[in-house]
Amino acid sequence: MGSAPYPASEWKGKGRGGLQELGCMPWKVSKQKGGGAGEVMVGVEEKKCRDPRDSQQQPDLSSSCSSLTSPAPPQSSLTPPAIYHEKQRRELCALHALNNVFQDRTAFSRDTLQEIYQRLSPSTMVTPHKKSMLGNGNYDVNVIMAALQTRGFEAVWWDKRRDVGSIELSNVTGFILNVPSNLRWGPLRLPLKRQHWIGVREVGGVYYNLDSKLRSPQTIGSPDELRKFLRQQLRGKNCELLLVVSEEVEARQTWRSDG
């Protein structure tokens, strides 16, 4: 879980050329030092297929007709892609979203995010920081931005006034959304909502919703279906979208397909 960034209107005039020109802006903070196999055809036991009476008519045949049977079909070589899906623990949805986007459980740890949180100073804050003194999570966007920068990536905030059709998907590593989510107390769903971070990315040519609260990855599909999914999410109240891109892509602004 985490807090969403300020509305786009408060950022007018900032960033490269301002939101009116770019429609979005990269968020910057000081850098920190510091499958299962496919189906296999199983061969059946060879059986003698000669009629016993044939031995009297053709005594010279000493082999079974199994040698004349067609060869077994080739084994399937199609193997579904392995998808890493980190499940929800405590209030560590920011950690889960990051690791799910990078498809690597070792990309970040709770200790790493906690250390980043403790190093952040008020001068780097973009939004009021939620207290995470016990290391239980609930990290906000500042921690996510700083964590990405330690791996040479940037978070680009998407201006919801623009259509997601102008995102150059091939240059985007993944997506992190901040959405309202129902609170739970064990198996009980409470009538309250808090902000929640979820990761979305492409694996094996297919886009997946890797929300840590899901039992398993949810297939989104093709690039067109991804855009439809993002539009639907952004129409909701209090939903924000971050593009996870490399530093080079952010510097060249090549996450935009409209130049």
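**Figure 1. The side chains of Y84 and E86 make a polar contact in this predicted model.** The two side chains come to 2.4 Å; a polar contact is a pair of N or O atoms within 3.5 Å, where within protein one must be able to donate a hydrogen and the other to accept it, and residues adjacent in sequence count only if both atoms are side-chain atoms. You will find Y84 in the loop between α2 (54-57) and α3 (93-102); helices (H or I, at least four residues) and strands (E, at least two) are DSSP runs, numbered from the N terminus. Y84 is partly exposed at 23% relative accessible area, where buried means under 20%, exposed over 50% and partly exposed in between (1.4 Å probe, protein chains only). Beyond its neighbours within four places in sequence, Y84 is in contact (heavy atoms within 4.5 Å) with N99, N100, Q103, D104, R105 and L210. One of these partners, Q103, is 19 residues away from Y84 in sequence, yet their C-alpha atoms are 5.3 Å apart.

A note for all the views: this is a predicted model, in which local features need pLDDT of at least 70 and side-chain atom pairs count only at pLDDT 80 or more, while totals for chains, interfaces and linings use all residues. Residues are numbered from 1 along each chain as its sequence is written, and side-chain values use heavy atoms, with hydrogens and water left out.

**Figure 2. Helix α3 is largely enclosed by the rest of the structure, because ten of its ten residues are buried.** The buried residues run through C93, A94, L95, H96, A97, L98, N99, N100, V101 and F102. C93 has a relative accessibility of 0%. Just after α3, Q103 takes a positive phi of about 50 degrees.

**Figure 3. Helix α4 (residues 110-119) has a buried side and an exposed one.** L113, Q114, I116 and Y117 are its buried residues. Seen down the helix axis, they fall within an arc of 160 degrees, so they line one face of α4; the arc is that of the directions from the helix axis to the C-beta atoms. An α-helix has 3.6 residues a turn, so residues three or four places apart point the same way. Turned away from the buried side of α4 are the exposed residues D111 and Q118. Among the elements that cover the buried residues of α4 are α3 and α5 (141-149).

**Figure 4. Strand β7 (residues 240-246) pairs with β2 (residues 153-158).** Six of the seven residues of β7 are buried, so this strand is largely enclosed by the rest of the structure. The pairing of β2 and β7 is antiparallel, over five bridges; two strands pair if DSSP finds at least two bridges between them. Look for W157, whose bridge partner in β7 is L242.

Figure 5. N238 lies in the loop between α6 (223-234) and β7. The structure holds zero disulfides, a disulfide being a pair of cysteine sulfur atoms within 2.5 Å.

**Figure 6. Q253 is buried in the segment after α7 (247-252).** Its relative accessible area is 13%. Q253 is not a glycine, yet it has a positive phi of about 60 degrees.
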